[in-house]
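Here are my notebook entries on a structure I looked through today.

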Amino acid sequence: MQTFNNPAIEKLIRLAINSGASDIHLSSGTLAALRVHGELNYIQDTGFFMREVLEKFISEILTPKQLERFTRTGDLDFAFTYDTQRFRGSAYREMRGVSLTFRLVPSVIRSLDELGLPEVLKTMAHKHRGLFLATGPTGHGKSSTLAAVIGEINRSRKAHIVTIEDPIEYIHTPVNSVIHQREIGNDTESFASGIRHVLRQDPDVIMIGEMRDLETIGAAITAAETGHLVFGTLHTQDASQSIERIVDVFPPHQQNQIRLQLAYTLLGICSQQLIPTADVKGRVCATEILITTPAIRSSVREGKISSIRNTMLTGMSFGMHTMEQDLARLFREGRIARATAKDFAYDQAEIERLMNSTL
């Protein structure tokens with residue numbers, strides 16, 4: 001457990017925990033800021049944080065190996081625990097000095113039901129091979145979704161689960177499964193290296209914190225092809241864009257082969273956003289779900305990405321829905337405001353049509 005020698009930083013962290021903040025921002029020469037329910041506000045109580053104070057704080061919070069890497073590169077992702085609260089941290093240099101951003105990781109891994117996620121994600125947790133993706137903007141709950149899926153597997157299956165993360169966020173306690181969590185930089189060199197080596201470790205389930213480059217995406221598809229259940233995240237807006245991103249990261253001469261492999265291995269995609277509630281006292285998760293039916297598989301294989309959305313619009317019997325359909329549902333239930341639904345929709349004409357049809 002981490003301890004700090006700076007009372008102002010300890011006060012800020014306690015304030016963040018008590019106020020239900022999702023993120024803490026510390027910058028040289030300015031006030032700290034907290035993000036609560038998606039809104040960022042400066043905090044007057046703890047005063048300004050000078051460059052020297054943050055430099056000293058970084059030297060306390062990082063291990064010698066991490067500090068050397070940060071000094072050399074100017075960027076570092078890490079995690080730590082303060083009291084019982086887990087944090088994911090990012091340290092970086094900018095023109096005024098050093099800055100830090102902390103994401104508060106819930107101490108309890110919430111279930112899929114508690115997160116209000118679609119029932120189809122439980123089905124994915126019980127698959128034995130294939131690739132399933134959680135996608136969406138940064139800070140919109142992808143890590144929580146995958147942690148809930150891993151928790152479902154841990155409770156219900158006797159499986160060997162290996163996670164490869166940068167850094168480790170949620171800490172899983174084995175229940176019925178054997179779980180090993182590996183951190184980039186400390187336990188393995190990179191995502192791609194970790195995936196290559198994990199195939200020799202008798203895994204049933206592999207969770208990849210971020211599929212960020214060609215080598216990692218290729219290794220993930222290979223792992224799914226060779227009979228493993230693979231979960232990963234992408235920073236993409238919707239299901240169709242996620243498929244395009246995977247294909248486009250490869251050179252043109254490999255893309256036809258990747259489409260074939262993806263059509264064969266892809267189980268589905270959950271794209272998500274955290275939406276401010278109508279009472280502005282919290283956020284609710286809106287999702288877009290793609291399930292790889294024969295029609296979807298054919299579209300992926302033939303590169304007809306534009307036809308995927310039409311298949312999703314009529315695929316509710318398979319558990320599919322678009323982001324606009326889910327936003328309209330949340331509006332109909334009174335959980336989000338009309339203007340908010342429009343702000344977070346990808347297709348303005350479609351969200352207007354769906355909301356008007358509920359009146």
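Is E215 buried, partly exposed or exposed? I looked it up: E215 has a relative accessible area of 45%, so I noted it as partly exposed. On this scale buried is under 20% relative accessible area, exposed is over 50% and partly exposed is in between, with a 1.4 Å probe and protein chains only.

**Ground rules.** I am working on a predicted model, where local features need pLDDT of at least 70 and side-chain atom pairs count only at pLDDT 80 or more, while totals for chains, interfaces and linings use all residues. Residues are numbered from 1 along each chain as its sequence is written, and side-chain values use heavy atoms, with hydrogens and water left out.

**Salt bridges.** I searched the whole structure and got 21 salt bridges. The rule asks for a side-chain nitrogen of Lys or Arg within 4 Å of a carboxyl oxygen of Asp or Glu. I began with R196 and E215, whose closest N and O atoms are 2.8 Å apart. R196 sits in helix α6 (residues 191-198) and E215 in helix α7, so this pair ties together parts 19 residues apart in sequence. Helices (H or I, at least four residues) and strands (E, at least two) are DSSP runs, numbered from the N terminus. R196 comes out partly exposed, at 41% relative accessibility.

Next I took E169 and R88, a salt bridge with its closest N and O atoms 2.8 Å apart. E169 is buried, at 11% relative accessible area, whereas R88 is partly exposed, at 22%.

I also jotted down a network of salt bridges linking D326, R329, E333 and R335.

E183 belongs to strand β9 (residues 178-183). Its side chain does make a polar contact with the side chain of N186, at 2.6 Å. That term means a pair of N or O atoms within 3.5 Å; within protein, one must be able to donate a hydrogen and the other to accept it, and residues adjacent in sequence count only if both atoms are side-chain atoms.

**Aromatic rings.** I counted 7 aromatic pairs. Rings of Phe, Tyr and Trp (its six-membered ring) pair if their centres lie within 6.5 Å; planes under 30 degrees apart are stacked, over 60 edge-to-face and the rest tilted. F57 and F102 have ring centres 6.1 Å apart and planes at 70°, so I logged them as edge-to-face. Both F57 and F102 are buried. F78 and F102 are edge-to-face too, with centres 6.4 Å apart and planes at 85°. I found F57, F78, F80, F87 and F102 in one aromatic cluster.

**Cores.** The largest nonpolar core has 62 residues, and L290 is among the members that touch the most others. Such a core is a set of buried Ala, Val, Leu, Ile, Met, Phe, Trp, Tyr and Cys residues joined through side-chain atoms within 4.5 Å. Helix α7 gives the most to this core, with 6 residues. A second, separate core of 28 residues includes F78 and F102.
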